[in-house]
Protein chains: 2
Amino acid sequence: MNHTNDQILELFEAELRQMCTPEEPELLYTPIIYSMSGGGKRLRPVLLLLAAEAFGGSAADAMPAAMAVEVFHNFTLLHDDIMDNAAVRRGKPSVFAKWGGNVAILSGDAMLISAYKYLACLGGDKLSRVIGIFNEMALEVCEGQQYDMDFEQAEKVSVVDYILMIERKTSALLSGSATIGATLAGASDDDIKKIYRFATELGLAFQLQDDMLDSYGDEALGKKIGGDILEGKQTYLMVQAISRATDQQREVLRTTHQRTDLSDAEKIACVKAIYDELDVKHATEQQIELRFERALSVLDSLSIASERTLHLREFARNLMGRKK
Amino acid sequence: MNHTNDQILELFEAELRQMCTPEEPELLYTPIIYSMSGGGKRLRPVLLLLAAEAFGGSAADAMPAAMAVEVFHNFTLLHDDIMDNAAVRRGKPSVFAKWGGNVAILSGDAMLISAYKYLACLGGDKLSRVIGIFNEMALEVCEGQQYDMDFEQAEKVSVVDYILMIERKTSALLSGSATIGATLAGASDDDIKKIYRFATELGLAFQLQDDMLDSYGDEALGKKIGGDILEGKQTYLMVQAISRATDQQREVLRTTHQRTDLSDAEKIACVKAIYDELDVKHATEQQIELRFERALSVLDSLSIASERTLHLREFARNLMGRKK
């Protein structure tokens, strides 16, 4: 019997508690422990292990790879927080804020190397089957981060380019994780391609939903509204709005976050008014549904019995905060 | 017939010219090409390939690993230049100075991943034999950099701790490279341990000589004297001097670089006067000779015919700028 999402998470957290690093140099290794024990949903290792079990592999065999993707993910957070000048991560000071940029750079480097150390624990044959997937995934994440930074300076970002960016920045690590899990379990090439597609579409749905909640989330649920708008960030709503806007609306969309004569609430209201005029909420919802449905229908097309995909479906629903 | 140092360098440079990266995102990949084509002595890949050939391996087979160590080395330079706030690298603007810290962080990350991509090109069996060596080497280099930064703030650094630091920061990449080359060529465990020792001792001799030339180099040969002294850096001469100094001398050694009432030339003269009083030049020369001799005598003890070690000896002499 395959493990449920909760059981897999528990297995992974138990493994994580075994993680140890050298004690010295303290400023290299303490931030790694701080970062890895800072919580987070462990989405990528859970997906990797669920994919492995779906195709008949064992979670124990795939565990080093699960550790590798989680350590890699946390490495990206350390470096992203420097680049984004982010002081807070998961409700605590970021490594960057707590120890400074140099420590965040070097500890991050050591984490990236540690990710490969975990991967190497898979041993010969398994290692050589997945290291290529891991490398491509890792480079795509870097590319996504670079495109994201490029877009901050860009005059106009097309909807297509925006999707290509989040495919790298958000989806690549999910699709890479799922693919590694399936590969370790000996899935067929066709199934591997499909599980990759599943996680890619799911990652897109997840990121688009995240974008939407920034403007249309429920403040009653503790979601702070409008952060992306105030930072002038590109989101799916913004690039959709820009693509549909009149010259006058476009000017407002581009400049509002920099205005000094408006309060934050006024800036948010101003941008959201145009979003409403251009109906981008609806367009985003449609895109989320499309991507989510595509992800689930890919699961239907796998060669394995459909009950083997139940926990992956549960993962997808959990990720999107859905009951069914 | 094994290749000479010059021939190996030529083979490696030819391989390097084949290196290609994606064109986009430009700000991710252009700095990689800039960094890799910026010259440098290619010490680590040359040593790796020489070690492979010494033990009967082929340079062609080991070439992906040689690329991996050179890309890794250049990755460390990108990140070190951010941490050290260094504007110039090999006579040109550093990536950090040319494109800024964020680009240097992210392109550096992509280089570290690319190093593993080259390593993965070795293929299954060879990959699994060397990835562990590569990982340990890479972590030691990070540890060395952290200790080096720690020492900048330290009240007192012992001679032993200083040696342990440069064993990581300078020697580890040389000893890792030599070990990888020998391992790929199928050297015995005993020979692998010895070639590791050879490169470790050679790396120490090289770094200590570099430290000494900062104070006692020949300005006629274009060597700028006293850079380390003006930056207040820990060097072998400084930690030796501190360990031998009277309280009064120690105070001068520690504070001179910060004095605003002295010219640079006066600061250098002031510190060097104490070095002379304490005879640290002689102590350093002795240590260099000791390490260099140890390195060469390890080569004598290898199980292979002594003529197979000729090019490694040539490498050692070249590194130290010696004719014989």
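Me: What radius of gyration would a compact globule of 324 residues have, and what radius of gyration does chain A have?

Reply: This is a predicted model, and for 324 residues a compact globule would have a radius of gyration near 20 Å; chain A has 20 Å, so the value agrees with that expectation. Taken along the principal axes, the box that the C-alpha atoms of chain A fill is roughly 60 × 50 × 35 Å. Its secondary structure comes to 15 helices and two strands, and 50% of the 324 residues of chain A count as buried.

Me: Among contacts in chain A between residues at least 6 apart in sequence, what percentage join residues at least 24 apart?

Reply: Of those contacts, 72% join residues at least 24 apart in sequence.

Me: Where is Leu122(A) placed, and is it buried or exposed?

Reply: A residue counts as buried if 20 or more other C-beta atoms lie within 10 Å of its own. Leu122(A) has 22 other C-beta atoms within 10 Å and is therefore buried, although its place is in the loop between α6 and α7 of chain A. Leaving aside residues up to four places away in sequence, Leu122(A) touches Pro64(A), Ala65(A), Leu127(A) and Val130(A).

Me: How should I read the relation between chain A and chain B, and what rotation superposes them?

Reply: In general, two copies of a chain are related by a rotation about an axis and a shift along it. Here a rotation of 180 degrees, with 0.0 Å of shift along its axis, superposes chain A on chain B with an RMSD of 0.0 Å, and the two copies are thus related as by a two-fold rotation axis. In chain A, the C-alpha nearest this axis belongs to Gly124(A), at 3.2 Å from it. The same surface serves both copies, since 100% of the contact residues of chain A recur in chain B.

Me: How many residues does each chain give to the contact, and which element of chain A gives the most?

Reply: The size of an interface is often given as the accessible area lost when the parts come together. Counted by residues, the contact here takes 33 from chain A and 33 from chain B. On the side of chain A that touches chain B, the elements giving two or more residues are α2 (26-36), α4 (59-83), α6 (101-120) and α7 (124-153) of chain A, and α7(A) gives the most, with 16 residues.

Methods
Residues numbered from 1 in each chain as written. Chains lettered and ligands numbered in written order. Predicted model: local features only at pLDDT ≥ 70, side-chain atom pairs only at ≥ 80, totals over all residues. Contact = placed C-beta atoms within 7 Å. Helix = DSSP H or I, 4+ residues; strand = E, 2+ residues; numbered from the N terminus. Rg over C-alpha atoms; globule rule 2.2 N^0.38 Å. Buried ≥ 20, exposed ≤ 12 C-beta atoms within 10 Å, placed from the backbone. Least-squares fit on C-alpha atoms with pLDDT ≥ 70 in both.
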